[in-house]
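Please have a look at the model first.

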Amino acid sequence: MKGISKKILAIIIAAILTMSVFAVSATAYEDDYSEDDYFYTSMIQDGIYYDLTISNEYSYATVSGYELDEEGYPTLDACVTIPETILYEDIEATVTEIGFMAFADCYDIREIVLPETIDCIYDYAFSGASHLEKVVIPETAMFVYFGEGVFEYTPALGYFAENSDNGEIILGQNVLYAYLGNEKSYTVPEEIDFIADYCFFMSGIEEITLTDNIYSIPSFAFA
């Protein structure tokens with residue numbers, strides 16, 4: 001009798017747990033959950049890892065890393081294009097961020113094209129990508145954050161310099177990445193919100209005028 005009771009009790013518990021899991025799943029995936037509900041998940045596409053924040057109102061994705069094969073080599077192509085959106089099941093998420101150290105030490109990558117939807121590049125995102133020669137950032141991109149050491153130990157500065165005006169290297173609409181001009185006096189443009197680390201490194205500049213729009217002054221900006 002005790003054995004039968006335990007078996008019945010186990011079936012009841014299993015049924016309750018199944019119902020709970022179904023309820024959580026329905027909240028996460030169906031369209032009828034409230035606007036305040038959201039959940040996190042991750043996925044891989046074309047050798048790139050994405051962290052996703054999914055909500056009923058807005059869904060976005062952060063590039064968080066890259067895949068390695070069994071021998072520890074990146075599976076990415078030499079030229080990488082980050083899409084504007086990715087699909088998770090039937091949910092479309094906008095790719096808005098390149099995460100902390102996302103492509104760090106990815107020595108195989110030589111060119112990367114970022115989408116217009118990018119508005120955050122976190123610290124050391126491409127640091128140590130020693131063959132990264134070309135980085136295409138749309139002029140329409142508006143950054144809400146631009147981290148430190150984003151392109152350190154990469155040859156990307158050469159590509160940026162070739163496409164700069166008067167020694168100003170501006171990424172997107174509002175990041176002053178570097179000043180390579182010969183003038184001794186320089187006024188930061190009004191549209192600039194972010195100054196990159198080492199922006200005026202060894203520039204010989206004697207006077208710089210900043211604006212009220214500058215979000216922060218990072219390490220070694222005037223080294």
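Predicted model: local features only at pLDDT ≥ 70, side-chain atom pairs only at ≥ 80, totals over all residues.

Cysteine 106 is buried, because its relative accessibility is 0%, and buried here means under 20% relative accessible area, with exposed being over 50% and partly exposed in between, using a 1.4 Å probe and protein chains only. Cysteine 120, at 5% relative accessibility, also counts as buried. The structure holds 0 disulfides, a disulfide being a pair of cysteine sulfur atoms within 2.5 Å.

Residues are numbered from 1 along each chain as its sequence is written, and side-chain values use heavy atoms, with hydrogens and water left out.

Turning to the rings, the structure holds 21 aromatic pairs, where rings of Phe, Tyr and Trp (its six-membered ring) pair if their centres lie within 6.5 Å, and planes under 30 degrees apart count as stacked, over 60 as edge-to-face and the rest as tilted. Tyrosine 66 and phenylalanine 103 are stacked, because their ring centres are 6.3 Å apart and their planes are at 5 degrees. Tyrosine 66 is buried at 17% relative accessibility, and phenylalanine 103 is buried at 0%.

Tyrosine 179 and tyrosine 186 form a tilted pair, 4.4 Å centre to centre with 35 degrees between the planes; tyrosine 179 is buried at 3%, and tyrosine 186 at 7%.

Finally, ring pairs link a cluster whose members include Tyr66, Phe103, Phe126 and Tyr177.
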